Amino acid sequence: MGMGSAVETLCGQAFGAKKYEMLGIYVQRSAILLTLTGIPLTVIYVFSKQILLFLGESTAIAAAASVFVMGLIPQIFAYAINFPIQKFMQAQSLVAPSAIISASTLLVHLLLSWLAVYKMGLGLLGASLVLSLSWWIIVIAQFVYIVTSPNCKRTWTGFSIKAFSGLCGFLKLSTASAVMLCLETWYFQILVLLAGLLKNAEIELDSLSI
């Protein structure tokens, strides 16, 4: 989210300046940058069990967490595309389509989660895989809307090689936003890690989720 904050500012400025074609360039540039950022995050997810054990978490919690995050790996790249798309649409005041798509996907998500967890017995892995699938449904539906809707004809002119230029400047602006957001959110994540070190770790972690 932090790495994608730059696209929110740039899309708003481009739309206000009536440089409509730049919105499509910015959303592609942001998606490229966030997708590349997702690669090291994927490595962290893959070795999450070892990392949690190194931090002193119990074997049971580390094992359960690693199973869940394995199913979330596809979500990393879905979110890398979804966040720029959302800001692209918000800059044009196209909020209703995203809301309708999200609400519809929620219904599908609830049904698939019930099937995966209770009927198919896939447990944590099934729950996380369904979550990843739901994010990809949102991404695909929003992209189809952008490509087909007359509301985006001026701002989306197709894929462009220009998206690969200016990535360094885009990275600098995005990194500053990412650092600020991380400092705001990491305190809660640290609380979760500390809760896992307590005697009744499962109860303590459950209490934090309420």
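Me: Why are helices α4 and α7 called roughly parallel to each other?

Reply: The axes of α4 (residues 59–70) and α7 (residues 123–148) cross at roughly 30°. Angles under 35 degrees count as roughly parallel, over 145 as roughly antiparallel, 65 to 115 as roughly perpendicular, and the rest as oblique. So α4 and α7 are roughly parallel. The axes come within 7 Å. Each axis is a line fitted to C-alpha atoms, for helices over the stretch in contact, and angles run from 0 to 180 degrees between N-to-C directions.

Me: What kind of model is this, and how are residues numbered?

Reply: This is a predicted model, where local features need pLDDT of at least 70 and side-chain atom pairs count only at pLDDT 80 or more, while totals for chains, interfaces and linings use all residues. Residues are numbered from 1 along each chain as its sequence is written, and side-chain values use heavy atoms, with hydrogens and water left out.

Me: Which hand does the crossing of α4 and α7 have, left or right?

Reply: α4 passes α7 in a right-handed crossing.

Me: Which residues make the contact of α4 with α7?

Reply: Ala64, Val67 and Phe68 come from α4, and Leu124, Leu125, Ala127 and Ser128 from α7. Contact here means heavy atoms within 4.5 Å. By class there are six nonpolar residues, one polar and no charged ones. Ala, Val, Leu, Ile, Met, Phe, Trp, Tyr, Cys and Pro count as nonpolar, Asp, Glu, Lys and Arg as charged, and the others, Gly among them, as polar.

Me: How many helices and strands does the chain have?

Reply: Nine helices and zero strands. Along the sequence the pattern reads α-α-α-α-α-α-α-α-α. Among contacts between residues at least 6 apart in sequence, 76% join residues at least 24 apart.

Me: What makes α2 roughly antiparallel to α5?

Reply: The axes of α2 (residues 21–46) and α5 (residues 73–90) come within 8 Å and cross at roughly 160°. That angle makes the pair roughly antiparallel. The crossing of α2 past α5 is right-handed. Their contact has 15 nonpolar, five polar and no charged residues.

Me: Why does Thr42 count as buried?

Reply: The relative accessibility of Thr42 is 16%. Buried means under 20% relative accessible area, exposed over 50%, partly exposed in between, with a 1.4 Å probe and protein chains only. Thr42 therefore counts as buried. Thr42 lies in helix α2. Leaving out residues up to four places away in sequence, Thr42 touches Ile73, Ile76 and Phe77. In the whole chain of 210 residues, 37% are buried.

Me: Why are α1 and α5 called roughly parallel to each other?

Reply: Their axes come within 9 Å and cross at roughly 25°. The pair therefore counts as roughly parallel. α1 (residues 5–16) passes α5 in a right-handed crossing. Ser5, Val7, Glu8 and Cys11 of α1 meet Phe83, Pro84, Lys87 and Phe88 of α5. That gives five nonpolar, one polar and two charged residues.

Me: Are Cys11 and Cys168 buried or exposed?

Reply: Cys11 has a relative accessible area of 0%, so Cys11 is buried. Cys168 has 61% relative accessibility, so Cys168 counts as exposed.

Me: How do you know whether Lys18 and Ser93 are buried or exposed?

Reply: Lys18 has a relative accessible area of 61%, so Lys18 is exposed. Ser93 has 61% relative accessibility, so Ser93 counts as exposed.

Me: What makes Gly16 exposed?

Reply: Gly16 has a relative accessible area of 60%, so Gly16 is exposed. Gly16 belongs to helix α1.

Conventions
Helices (H or I, at least four residues) and strands (E, at least two) are DSSP runs, numbered from the N terminus. A crossing is left-handed if the near helix is turned anticlockwise from the far one by less than a right angle, and right-handed if clockwise.
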